[in-house]
Amino acid sequence: MLRNYRTLVVFVLVVLAACSTKKKDMKDGDSVELSDFIAFFPEQDLPIQITDSGLTRKISDSLRIGNKVFSQFVPDSVLRPVFGKGVKPSCYPIGKISVKDGETYLFLRSVSGTKKAATLLVFDKDSFVTSLPLITLNGAPRGNEKLVANMDTRYTVTTLRQVIGPTGQTAYAKKVYVYNPEGLFTLILTESNDQNAAPPPLINPIDTMKAAHKWAGDYLQDKRNIVSFRDGRKTGTLQFFIHFEKDNGQCKGELKGDATITGANTVRFIENNGTCALDFQFSGNTVRIKEQQGCGSYRDIKCFFEGQYTRKKKPSPAPTRKKK
């Protein structure tokens with residue numbers, strides 16, 4: 001009798017443990033917390049590799065993340081460059097890498113029609129931080145092309161595109177990224193023998209943030225040189241994002257952070273450890289940047305965060321049609 005009782009207790013404990021660790025569904029209409037969303041991605045060991053052929057494999061629809069659930073935690077701007085404005089692709093988890101006392105990396109698969117993509121999402125303990133496009137595929141993988149992305153044991157991310165030409169020669173384009181404490185992926189290495197390789201899409205990680213402040217907006221030199229400002233998390237601050245490419249793309253820089261409003265027309269950014277400092281000067285519809293202290297961790301060695309950028313005009317609202 002006692003033996004049967006102990007067996008029953010063990011069985012109940014196993015069942016309760018299984019129920020407590022069961023992943024919550026990501027269906028629209030369900031109440032989902034950030035912890036549920038992150039737990040839905042299966043834990044993986046490093047290194048992890050994703051291929052274009054892997055994106056074409058059939059996946060159970062029970063693993064689909066509802067669009068409303070997804071947009072609750074990830075800005076629309078993350079997938080918009082791949083699928084277009086207003087498109088809601090089907091999203092599925094690939095895997096998760098958790099850094100002890102640090103960030104969490106989520107590998108996402110998204111599909112809409114013939115388009116498929118693998119994207120790396122980064123979260124801190126409270127919210128989404130940034131993303132990195134890994135693979136974009138339109139249709140089935142081509143026999144002469146191979147697309148691969150991986151993260152190694154040092155959390156370094158590499159994307160590789162290989163194309164076999166008609167004469168058997170192989171053209172390749174490789175890019176290596178690291179995630180830095182300011183919440184941004186920095187491109188640390190580019191290798192290519194493909195002169196026709198297109199530049200990676202420029203993703204603005206603060207694009208969908210609130211922009212009510214008088215200085216909030218996008219300031220441009222051209223499509224590959226941009227400074228964005230959005231409302232700060234605290235009063236008296238602004239969030240900013242800078243991406244620049246000089247010397248025909250040979251010298252690049254990228255930085256995201258929180259800057260303090262220091263005067264009637266001035267804003268200053270000082271890195272937490274004090275190794276990088278930028279000044280922003282506003283005048284009319286322009287902003288001028290000056291690097292006051294070394295920001296070499298976020299740019300190539302021969303170029304600096306500097307120059308003048310002009311504010312992009314906001315699109316005019318569509319005229320309201322009068323009812324007949």
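How much space lies in the largest cavity? About 30 Å³. The views below start there. This is a predicted model: local features need pLDDT of at least 70, side-chain atom pairs count only at pLDDT 80 or more, and totals for chains, interfaces and linings use all residues. Residues are numbered from 1 along each chain as its sequence is written, and side-chain values use heavy atoms, with hydrogens and water left out.

View 1. The structure holds one cavity of 30 Å³ or more. On a 1 Å grid over the protein atoms alone, a cavity is a set of points where a 1.4 Å probe fits but cannot get out. Grid points are joined across faces, edges and corners, and a volume is the space filled by probe spheres set on the points. V78, L79, V82, T119, S131, P133 and I203 line the largest cavity; lining residues have an atom within 4 Å of a point. Five of these lining residues are nonpolar, two are polar and none is charged. Ala, Val, Leu, Ile, Met, Phe, Trp, Tyr, Cys and Pro count as nonpolar, Asp, Glu, Lys and Arg as charged, and the others, Gly among them, as polar.

**View 2. The second largest pocket.** A pocket is an open set of points with protein on both sides within 12 Å along at least five of seven lines. The second largest pocket holds about 840 Å³ of space. It is lined by 24 residues, and N204, D207, D218, I226 and K312 are the closest to its centre. Two or more lining residues come from each of α5 (80-83), β10 (217-222) and β11 (225-231). Helices (H or I, at least four residues) and strands (E, at least two) are DSSP runs, numbered from the N terminus. The largest share, four residues, belongs to β10. By class, the lining has 12 charged, nine nonpolar and three polar residues.

**View 3. An open four-stranded sheet.** The strand order is β2-β3-β4-β5, with antiparallel pairing. Two strands pair if DSSP finds at least two bridges between them. β2 (90-98) and β5 (128-138) stand at the edges with a single partner strand each, so one side of each has no neighbour in the sheet. From one strand to the next, the twist averages 20°. Axes are lines fitted to C-alpha atoms, and angles run from 0 to 180 degrees between N-to-C directions. Strand β4 (residues 115-123) runs antiparallel to β5, and nine bridges join them. K116 has L137 in β5 as its bridge partner.

**View 4. The C251-C303 disulfide.** A search of the whole structure finds two disulfides, each a pair of cysteine sulfur atoms within 2.5 Å. One joins C251 to C303, with S to S 2.0 Å. The torsion about its S-S bond is about -95°, so this disulfide is left-handed. C251 lies in strand β13 (residues 251-261), and C303 lies 52 residues apart from it, in the loop between β16 (286-293) and β17 (306-311). C251 is buried, at 4% relative accessible area. C303 is buried too, at 3%. Buried means under 20% relative accessible area (1.4 Å probe, protein chains only).

**View 5. The C276-C295 disulfide.** Here C276 joins C295, with S to S 1.9 Å. The link is right-handed, with 90° about the S-S bond. C276 sits in the loop between β14 (266-270) and β15 (277-283), and C295 in the loop between β16 and β17, so the pair ties together parts 19 residues apart in sequence. Both C276 and C295 are buried. With the bonded cysteines numbered in sequence order, the pairing is 1-4, 2-3.

Notes:
Buried means under 20% relative accessible area, exposed over 50%, partly exposed in between (1.4 Å probe, protein chains only).
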